[in-house]
Every structure is written in C-alpha cells, then in structure tokens.
Amino acid sequence: MLYDAALVLEGGAFRGQYTAGVVDTFLAHHIEFRSVIGVSAGSLCGANFVSKQYGRPATINIHHRHDRDYISFTHLLHRRSIINLDYLFEDHGWQWHNFNDQAYQRSASHFTAVATRLTDGKAVTFTDPVGDDLTRALKASSSMPIISKPQRTSKGLCLDGGVADSIPYDIAQQQGYKKIVIVRTRDINYHKKPASRSLTQLLHRYYPDYPLFVKAVINRPTVYNQQVDEINRLTEEKQFFTIAPQHPVKVSRIEGNTKKLVKLYETGKQETNAVLPQLLSYLEQ
C-alpha cells in the first residue's frame, strides 16, 4: 500500500541497523511512502527501501563489516577515509547483491538524500537522483566529518547531512506532507552533549577554509536537541508518528561487534512489528 506520507530516516552510522530492521518490516508488510527522506546511514537504508531490496543494508554491514577494503583504520596511513564508501557501490561477486537501479527508478516513491555543504554549513537536498548522481548524493550524505573525505556533488563539496539537519522532518513539511513517520536511531530521551574543546580544535585544524561548516558541527548538539524536543512534542500531539529504540542503543558509529549489529537489526524489526497497528491507524486516518 502506497501512503501519501513522508518517511524520514535519521542517520547514525552503524546504529542504522535499527533503521534497516524497520524498513525491512515495512517491505514485509507492503508499506510504502510517497516520499522517503534519508540522512547519512538513513539515506543508504532509504535508497534500498525505495528499490525494495529486503535485507540488503543489514546483510552488507553484518557480513562485510570486517572486510579491510570496506572499513579499516589502516586506510588513514594512505590518507584515505576509514570507511570506504566506494565499496558499497562496487560489485563483489555472486554473493554480493548489487543495488537494483531499475527497481529504484520504477518506484512510485520519491527519494531525497540530505547532505551538508562545506562552504556555508547548510543542508542541501538531492531528490530523485539516478545513476552517478545517486551514488554521489549517498556518499556525500554518509561521509562523516574528519574520518571521511568531502564528496563533490552538483551542489558543491559536501559531507554528512546530519551536521546541518540530523532528522530532516522540516524537508518533509516543505514538501507538503501532513503525515510524517520518523525513524530514530536513538531512544526518545537521548540528547547530545555540547562539542568538546578537543573536537572543536580538531575541526578547526581539519577545515580551516570552511569556518561556517565548523560552526555547524559545533552547533549541531543544540540544533539536534531542539529537533528532538519538537519531534517528541508533535508525536505526542499525533501530528508525527515516531519509531525509536525503546532502550538506549549501545552500538558505536563504527561498531565492530557483528553480534550487536544483528541484535540491533532484529530489535528494529521486533519493535516495528509491535507498533504496526498504531502506525497503520495513523496513516489511514
């Protein structure tokens, strides 16, 4: 069933395994959304959700987490990003499930990836990108500051969309949607702590030519916490429907324990199944 609603997917690197479980549950129950908006790991899950590839994001991160071509701190020795995002868009043999670009383009859903532009520290969006433009948008949205290199896109040099717009429900509102489903990768009580002095110094060292981007990263906790408070309020008022982990997530951004990744994925499926009746009631009102 295609609903005239927007699905907004928060980022969080490997905490996105929770999101993978949520969207796989939607696929299992044939639940689709007119608009799918993702940031960082949420954009990767969102694109695979639009192409209806059940299990693909979870399988990649579980079975390929320890492939050194994908993730390795030794990449830094060669001045490369710790996470090799190119790995996600390459063919790795018969066991690898390539992204189904044809299914993505046939979908009735519109897909939007969110990234942050370095020159002004503001959010930029890529709606219904295809081919190389889709790859560049996903890489830009998912490239974490400091540990990843900036990505060149049609809208300039970009990094992690979560810097400027961690939970982009505002984009769903701008698109005109009245029904907005938000998938979090943190529990509803989570709030970010202010940026540390060491992080601030590191940011200035890494991005001396992009002071507005550095300012956006430093201000991110304040903006994020305001977003969370607004989402919780609007969810309580039944304007939004939020799916979020019921307990604090103990999975790091670059988690190496694949058992934790499997458990978080299964948690996403279980908790979504538990709220399906309420979700459908919200969407069908």
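**Exercise 1. Describe how helix α1 packs against helix α9 in this predicted model.**

*Solution.* 
Step 1. Helix α1 comprises residues 16-28 and helix α9 comprises residues 258-284; the two pack at an angle of about 45 degrees, and their axes lie 7 Å apart.
Step 2. Angles under 35 degrees count as roughly parallel and those from 65 to 115 as roughly perpendicular. The angle therefore makes α1 oblique to α9.
Step 3. The handedness of the crossing of α1 and α9 is right-handed.
Step 4. On the α1 side, the contact is formed by Gln-17, Tyr-18, Ala-20, Gly-21, Val-22, Asp-24, Thr-25 and Phe-26. Their partners in α9 include Leu-261, Leu-264, Tyr-265, Gly-268, Lys-269, Glu-271 and Leu-276.
Step 5. By class, the residues of the contact of α1 with α9 comprise 9 nonpolar, 7 polar and 3 charged.

**Exercise 2. Characterise the largest cavity by its volume and lining.**

*Solution.* 
Step 1. The structure holds 2 cavities of 30 Å³ or more.
Step 2. The largest cavity holds about 100 Å³ of space.
Step 3. It is lined by 15 residues, of which Glu-10, Gly-11, Gly-12, Arg-220 and Arg-253 are the closest to its centre.
Step 4. The lining of the largest cavity has 7 charged, 6 polar and 2 nonpolar residues.

**Exercise 3. State the volume of the second largest cavity, then list and classify the residues that line it.**

*Solution.* 
Step 1. About 40 Å³ of space lies in the second largest cavity.
Step 2. Its lining consists of Leu-27, Glu-32, Phe-49, Val-50, Lys-52, Ser-107 and Ser-109.
Step 3. Sorted by class, the lining of the second largest cavity has 3 nonpolar, 2 polar and 2 charged residues. Leu, Phe and Val count as nonpolar, and Glu and Lys as charged.

Methods. Residues numbered from 1 in each chain as written. Predicted model: local features only at pLDDT ≥ 70, side-chain atom pairs only at ≥ 80, totals over all residues. Heavy atoms only, no water. Axes fitted to C-alpha atoms, helices over the stretch in contact; angles between N-to-C directions. Helix = DSSP H or I, 4+ residues; strand = E, 2+ residues; numbered from the N terminus. Parallel < 35°, antiparallel > 145°, perpendicular 65-115°, else oblique. Left-handed = near helix turned anticlockwise from the far one by under 90°. Contact = heavy atoms within 4.5 Å. 1 Å grid on protein atoms, 1.4 Å probe; cavity = no way out; pocket = protein on both sides within 12 Å on 5 of 7 lines; lining within 4 Å. Points joined across faces, edges and corners; volume = space filled by probe spheres on them.
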